[in-house]
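Please open the structure in your viewer and keep the selection panel at hand. The stops below are meant to be followed in order.

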Amino acid sequence: MQYRRRHHHLLRATITRRHFATKYTAKITSTSATGRSVTAEVTSPQPIPSDTRGYPIPRRHIICKATQLVQSRTSTSSLSDFFSALSPPLAPSEASEILKSLNCPRLAYNFFNFCPSFSPKFRHNAFTYNRLILIISKSILPDRFDLVRTLLADMERSNIRGNISTVNILIGFFGGSDDLKTCIGLVKKWDLKMNCFTYKCLLQAYLRSRDVHVALRVYSEMKTKGYKLDIFGYNMLLDALAKNEKVDQAYKVFEDMKRNHCEPDEYTYTIMIRMTGKICKADESLALFDEMLTKGCPLNLIAYNTMIQALASCRMVDKVILLFSKMVDRNCRPNEFTYSVILNLLAGEGQLSKLDEVVELSKKYMSKSIYSYLVRTLSKLGHTSEAHRLFCNMWNFYERGDRDAYMSMLETLCSKGKTTEAIDLLSKIHEKGIDPDTIMYNTVFSALGKLKQISHLDDLYQKMKQDGPSPDIFTYNILIASFGRAGKVDEAIKVFEELENSDCKPDIISYNSLINCLGKNGNLDEAHMRFKEMLEKGLNPDVVTYSTLIECFGKTEKVEMACRLFDQMLADGCFPNIVTYNILLDCLERSGRTAEAVDLYVKLKQQGLTPDSITYAVLERLQSGSHRKVRTRRQNPITGWVQGLHLNSVAAGT
């Protein structure tokens, strides 16, 4: 009996000492004669494994099984059964590991909220909150900021103190100044001490929110505490100071960096060189570049481009070319940015003749894409001759051509009216393995049409039909408009008929071009007939169609027809623009219909359109016209004219 009591006390002591244990293994050693009592030897349970700090080591098999159940969307009751049967119950450290294993932030958030239902003793701690906040902060959930704020409110309600890791995660997550103030407030509320990493996070957060002033204050406080930034933090601060043109502060931070034995790298020097170049201190830029060389920093493309840009900002052409030659000698391949800086400098300083030297220096790196880029850039800058000369060099250098370069050269030649060269280029383009396309032909057609070079236009069109490519709707529209502009009505009609018989079908622009051609060249009846044909085919006339016809009727003194078309235009829901109003105003003024012209001007203002110089010119003629019987004083602004014009109309009896 004493033995049984001793073991009973041992059992109680064991239970008191190991409050997590619920199952024990016992060996029966004897039984009483009556069988009413037994003597058993209880084996003390093995202690739960713990780490060096005394924290229980999470059970890996429990974590894996639980993660599988949660990810498979197991029912709530099944999850409860699983976790309730655990002995000992689920620990917060194990819940943290399960959260880490879940690959869905929303699932992790739901599991976090479900954990307290597993056991009445389960309680989240700072580590589980940190884990979930970190998961949400890295997610792309649209409500992630609200979720984190909700978690902070839960911590406050549950009287759970976070640790400095909580603050660090929150600072890295929030970017706004208000939220950062909240994070700093948590340090005081939870009686924490900011460490070096906290200051780094806070500094970077203010820099990301572009609050350089506060970031400098944080940096100063960090220095006072004896903490030091790493190379990434220094570079980020220097970059922000340089972009905000805080030159003196940037130099102080740069010197602090050296004193703290944090060696500047190539990115540090690049930031400083860019800053000094922007304020045109070329000597300081060169000194920094030499220091960079002395310290053995690798000179990459960014470093060279930054130095070239700094020198270019100071208009130092010769030094730019010298540095460019050293760059090429060191086998650093220039890119488009390098050439763009040099090209803009040479163009701005009127020294484009030195471009040949630059091209020769980088001959081993010159490619079709670089040639193409230079041709396009020169064309955009308006240096047609230089672009054409460089293009010819490319033509002689490569067996196969670059389509973009040829297209750019065609556009440049056409925009400058050099149609002969454009046609010649178009005819030779196949020699470089490029088939001319419809866009290329349309570009040249458009230039020829504007210059009314009809013979060249027709020859090129016949060549296109014979050799290809096939014309498209834009080709036909350009040709119709071009022939119409030159008064070649028969040719325009012929092209329109070819369009009708082709795979393309006439659109509104096709009809507008033909109607304009017919109307402006005296074939008003056929123009009107084409207008009706357009309606029959289900094409809705636009403001250009109506304006063109109204102008044609007005010039042939068919004012009634012009007014009828204007009314039809309004009835069809096509709103006239200022050009339409000007055309009809001019028509009414020339025919002496002053009152109608005034009413039309009132409509123009009511529609919210702004009169232009042509409108005012027509009104000027209305005021000074011979039909006016009563002289009225000219008023300014123009709104004062309307009343005077009405008075004149009444006096004239109109």
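The model on display is predicted. Residue numbers start from 1 along each chain.

**The nonpolar core**

Begin by selecting F83, F111, L374 and F391. Within the largest nonpolar core, which holds 197 residues, these four touch the most other members. Next, select helix α10, residues 196–208: this helix gives the most to the core, with 8 residues.

Return to F391 and display its surroundings. Leaving aside residues up to four places away in sequence, F391 touches V375, A405, Y406, M409 and L425.

**Two cis peptide bonds**

Move to the loop between α3 (76–84) and α4 (92–101), where P88 is placed. The peptide bond joining S87 and P88 is cis, with omega at about -5 degrees.

Then select the loop that runs between α25 (454–467) and α26 (473–485); P469 lies here. A cis peptide bond leads from G468 to P469, and its omega is near 0 degrees.

**Positive phi outside glycine**

Select E245, in the loop between α12 (231–243) and α13 (247–259). Although E245 is not a glycine, its phi is positive, at about 55 degrees. Is this residue, E245, buried or exposed? E245 counts as exposed because its relative accessibility is 55%, where the cut-off for exposed is over 50%.

Continue to E557, in the loop between α30 and α31 (559–571). E557 is a residue other than glycine with a positive phi, near 60 degrees. Its relative accessibility is 72%, so E557 also counts as exposed.

**The second largest pocket**

The space in the second largest pocket is about 300 Å³. To reach its centre, select K555, I583, D586, C587 and R590, which are the closest to that point among the 14 lining residues. Finally, colour the lining by residue class: 6 of its residues are nonpolar, 3 are polar and 5 are charged.

Technical notes
This is a predicted model: local features need pLDDT of at least 70, side-chain atom pairs count only at pLDDT 80 or more; totals for chains, interfaces and linings use all residues. Side-chain values use heavy atoms; hydrogens and water are left out. On a 1 Å grid over the protein atoms alone, a cavity is a set of points where a 1.4 Å probe fits but cannot get out, and a pocket is an open set with protein on both sides within 12 Å along at least five of seven lines; lining residues have an atom within 4 Å of a point. Grid points are joined across faces, edges and corners, and a volume is the space filled by probe spheres set on the points. Ala, Val, Leu, Ile, Met, Phe, Trp, Tyr, Cys and Pro count as nonpolar, Asp, Glu, Lys and Arg as charged, and the others, Gly among them, as polar. A nonpolar core is a set of buried Ala, Val, Leu, Ile, Met, Phe, Trp, Tyr and Cys residues joined through side-chain atoms within 4.5 Å. Buried means under 20% relative accessible area, exposed over 50%, partly exposed in between (1.4 Å probe, protein chains only). Helices (H or I, at least four residues) and strands (E, at least two) are DSSP runs, numbered from the N terminus. Contact means heavy atoms within 4.5 Å.
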